[in-house]
Amino acid sequence: MTSSTVVSPMDISDITYDDHVPWIEKYRPQTLDDLASHADIKMTLEKFMKDGSLPHLLFHGPPGTGKTSTILACARKLYKPDQLGQMVLELNASDDRGIDIVRGPILNFASSRAMYSDAKFKLVILDEAEQMTSDAQSALRRIIEKYADNTRFCLITNYMNKIIPAIQSRCTRFRFGPLTAEQIMPRMDLIIQNENIKITEDGRRAVHELSQGDMRRVVNLLQSCYMSFHGETIDETKVYQCCGHPLRSDVAKMVDFLLNSDIKTAYEGIQKMKIEKGLALQDIMTQVSKAVSETTKISQESKMHIHIRMADIEYHLNNGGSEKIYLSAMISAFAGRANQPITLN
């Protein structure tokens, strides 16, 4: 289940924070109404809670789309503030991912009865559940099944395929898709206003573009830019510099090297830019691949060849390959595939 409906920005006027609290926590939604998207999911969950029929849940989707914030907001709605500590068990499966954590804290919590008569069930939240071993997931399946009358489970994962089918079949699944510009921009403007950030329109667009629908990345990037350029006006260039991504002008130069220079010249030119600007090859490949997809000056056959080669290079790079070697491999992927420069708008 997915949704893309926008809701009004959250009201934080009654919340006080220490100045050193990360913005991602300062602006974390506290209620379901505060969430910036997924109205259909919220409506369904609210109906479940109103009817007292909340099933086991499986939230999946890319990072920063509101999965954890949604279930925490549900917990605050289900239980009174003084009940949360006794009625909710929140664990990060990436820290404790073996079978011992399932047979220990989770089993003990799920098997004990609720302490409050007005609470129908307890809630176990397992974040990053894909990190759990297969044995741990198999043991968890049995606990989910055995203590369904007393405990509800919410598993949160970025990768649905890493959750065993036996658990998937016992949960109601909700997919949290990347946020759209219409959902991100109002929340971004709220933070900009509250923190008195001086930012240009192209700076706002750059933050949104680099976030790729991840609201957590938007907040972290705004805070990084604010801290790095405090008191200055933040524009597109400063946003890109802050997160270490190549500028559009840099990408245009690199693509020109790749399409119009020999291998030695292209290698020296791109390597020099990498060193001077502190760029990572993976970020370069991402932006170059996007430029190749958008241009009309390379044939479809050449694009297919380049993308296949770059996908293979990225795979080996992620497994610890040398950036110098795979920079040469990336340049060779373009060799002889086009002879006209790309002009990026």
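Predicted model: local features only at pLDDT ≥ 70, side-chain atom pairs only at ≥ 80, totals over all residues.
Local features are described where pLDDT is at least 70 and side-chain atom pairs where it is 80 or more, while totals for chains, interfaces and linings use all residues. Numbering runs from 1 along each chain as its sequence is written, and side-chain values rest on heavy atoms, with hydrogens and water left out.

**Helix 2**

Let's start with helix 2, which covers residues 39-51. Helices here are DSSP runs of H or I with at least four residues, strands are E runs of at least two, and both are numbered from the N terminus. The 13 residues of helix 2 reach 18 Å from first C-alpha to last, close to the 18 Å expected at 1.5 Å a residue; that expectation is 1.5 Å times one less than the number of residues. Buried in this helix are A39, I41, K42, T44, L45 and M49, where buried means under 20% relative accessible area, with a 1.4 Å probe and protein chains only. Their cover includes strand 1 (57-60), helix 3 (67-78) and strand 5 (172-175). After the helix comes G52, with a positive phi near 70°.

**Two helix pairs**

Now for the packing of helices, with axes fitted to C-alpha atoms over the stretch in contact and angles running from 0 to 180 degrees between N-to-C directions.

| Pair | Angle | Axis separation |
|---|---|---|
| Helix 5 (99-111) and helix 6 (134-146) | about 20° | 8 Å |
| Helix 9 and helix 10 (215-228) | about 135° | 9 Å |

Helix 5 is thus roughly parallel to helix 6, a label for angles under 35 degrees. Contact, meaning heavy atoms within 4.5 Å, is made by I99, V102, I106, L107 and A110 of helix 5 with D135, A136, A139, L140 and I143 of helix 6. By class, that contact has nine nonpolar, no polar and one charged residues. Nonpolar covers Ala, Val, Leu, Ile, Met, Phe, Trp, Tyr, Cys and Pro, charged covers Asp, Glu, Lys and Arg, and polar covers the others, Gly among them.

**A look at S211**

S211 lies in helix 9 (residues 201-211). Is S211 buried or exposed? At 1% relative accessibility, S211 counts as buried. Leaving aside residues up to four places away in sequence, S211 touches I184, R217 and V218.

Terms used
Buried < 20%, exposed > 50% of the residue type's maximum accessible area, 1.4 Å probe, protein only. Parallel < 35°, antiparallel > 145°, perpendicular 65-115°, else oblique.
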